[in-house]
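Here is a short briefing to read alongside the model. Have the viewer open and follow along.

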Amino acid sequence: MSLIAKRLGQRIRSLRKKANLTQDSLAELADLSGKHIGEIERGGVNLTVQALEQIANALKISTLELLNYDHEADVDELRSELINYLTQCPSEDLKIAYRLISVVRW
C-alpha cells in the first residue's frame with residue numbers, strides 16, 4: 001500500500017464522517033460499491049481520476065480540496081518525515097526550522 005493511497009483514504013474517511021455518511025451512502029452517492037469505498041479508505045487501491053471526481057462530487061467538495069490530505073498523516077509518519085527532512089536539509093534551513101518550532105511549541 002502506498003503512502004499516498006493511505007493518506008488519501010484517511011482523508012476520504014474523515015470527510016465522509018464529517019458529512020455524516022456511511023461507506024454505503026457515500027458509495028451510492030458516488031456511484032461506486034461500498035466494498036470499493038472501504039478499500040479506498042484503507043488505502044488498498046489506487047483511485048482512478050473518475051472515481052476521485054465521483055467521490056469529491058458526492059462529498060460536495062472540489063477534487064483539489066479532496067487531495068489536500070497532508071494533515072491526515074498520523075503522528076509517527078509526521079515525526080519520521082520531519083526527522084528525514086531535518087537530517088537532509090541545509091544548515092540554514094535547520095536553523096529556521098528550529099526557530100519556528102521553538103516559537104510555536106509552547
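What percentage of the 106 residues of the protein chain count as buried? The figure is 32%, where buried means under 20% relative accessible area, exposed over 50% and partly exposed in between (1.4 Å probe, protein chains only). This is a predicted model, in which local features need pLDDT of at least 70 and side-chain atom pairs count only at pLDDT 80 or more, while totals for chains, interfaces and linings use all residues. Residues are numbered from 1 along each chain as its sequence is written, and side-chain values use heavy atoms, leaving out hydrogens and water.

**Overall build**
- The protein chain has seven helices and zero strands, taken as DSSP runs numbered from the N terminus (helices: H or I, at least four residues; strands: E, at least two).
- Along the principal axes, its C-alpha atoms fill a box of roughly 50 × 25 × 20 Å.

**The nonpolar core**
- The largest nonpolar core holds 17 residues, and Leu8, Ile12, Leu26, Ile55, Leu59, Ile61 and Leu66 touch the most other members; such a core is a set of buried Ala, Val, Leu, Ile, Met, Phe, Trp, Tyr and Cys residues joined through side-chain atoms within 4.5 Å.
- Helix 4 gives the largest share of this core, five residues.
- Beyond its neighbours within four places in sequence, Leu66 is in contact (heavy atoms within 4.5 Å) with residues including Leu8, Ile12, Ile55 and Leu59.

**Out at Glu92**
- Glu92 lies in helix 7 (residues 91-104) and is partly exposed, with a relative accessible area of 46%.
- Its C-alpha atom is separated by 43 Å from that of Ala51, 41 residues apart along the chain.
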